[in-house]
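The following paragraphs lead through a protein model, from its confidence and overall architecture to a few individual residues. Please keep the sequence and the coordinates at hand while reading.

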Amino acid sequence: MNSEQPVPVHRLDKNTTGITIFARNRPAASLVSGLIRDWHVTKKYYAVCNGEFETDIGAIISKNPGRKKYNQMPRVTTSTQFYKHERKTADSRNIELITNFRVISSNSPQISLIELQPVTGFKHQLRVHCAALECPIMGDELYGRHAGNNGISRWAKDTLHPWLDLSRRVPFLLHAYEVMIPGFGPTPGDDLVIRAPVPPIFKHVCKRLDLPNEL
């Protein structure tokens, strides 16, 4: 029997729900950490965003800020096509940051339910990309302020009021629902796909905001 404690290899931002990866031992943790570091692990998220995306499917692209913090929103562009994962190189500082997106539904022009898939990996990339499009993730008080609404529009807050606590704080609505780790499947050569069900509060908010969904 393996007496080693599970080793965390992937963590979520504070208040993000969904999948956190633990390895059974340190050798496995080293392998999976390397795959994550080199962008070989596919991650998919659901997010409820304030605002409306210009296209139903595409990618958000920005320059890599390096070690700088996001004191101001980066300039972003959008593409109408998905991008494939690319291998991280030694000179990844010059690689553009890319997030694929798909609009699942929207209550135009107030709220959108989005599927997000980071092609590259940078701290807070999904949150920053959405906020830079002036469609911040609902409940994101850190980057939502850059879009001028502290992570939620007044209409959404008033609509959700009966569901909120006395502080009228809206939950952070970013959920990591699927992770694919190549080569770690149940049989040799297969990929390991992990899925996490959407939290009830996430579904309740979508229903309250009239967001048809497939969750």
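What pLDDT does the protein average, and what share of the residues score at least 70? The average is 82, and 80% of the residues reach at least 70, where pLDDT is the predictor's confidence in each residue, from 0 to 100. This is a predicted model, in which local features need a pLDDT of at least 70 and side-chain atom pairs count only at pLDDT 80 or more, whereas totals for chains, interfaces and linings use all residues. Residues are numbered from 1 along each chain as its sequence is written, and side-chain values use heavy atoms, with hydrogens and water left out.

The protein contains 4 helices and 10 strands; these are DSSP runs numbered from the N terminus, helices being H or I with at least four residues and strands E with at least two. Read from the N terminus, the order of the elements is β-β-β-α-β-β-β-β-β-α-α-β-β-α.

Of the 215 residues in the protein, 46% are buried, that is, under 20% relative accessible area, with exposed meaning over 50% and partly exposed in between (1.4 Å probe, protein chains only). The protein exposes about 12,300 Å², of which carbon and sulfur atoms supply 49%; accessible areas come from the Shrake-Rupley method with a 1.4 Å probe, and for residues only the protein chains shown count as cover. Among contacts (heavy atoms within 4.5 Å) with a separation of 6 or more, 64% join residues 24 or more positions apart.

Most residues other than glycine have a negative phi. Histidine 124, however, has a positive phi near 65°. Histidine 124 lies in the loop between β8 (111-118) and α2 (125-132), and is buried because its relative accessibility is 16%. Glutamate 134, also not a glycine, has a positive phi of about 60° and is placed in the loop between α2 and α3 (154-160). Glutamate 134 counts as exposed, since its relative accessible area is 61%.

The cysteines come last. A disulfide is a covalent bond between the sulfur atoms of two cysteines. With a disulfide taken as a pair of cysteine sulfur atoms within 2.5 Å, the count is 0. Cysteine 130 is in no disulfide, and its nearest cysteine sulfur, that of cysteine 49, is 4.0 Å away. Cysteine 130 is buried at 0% relative accessibility, and cysteine 206 is buried at 0% as well.
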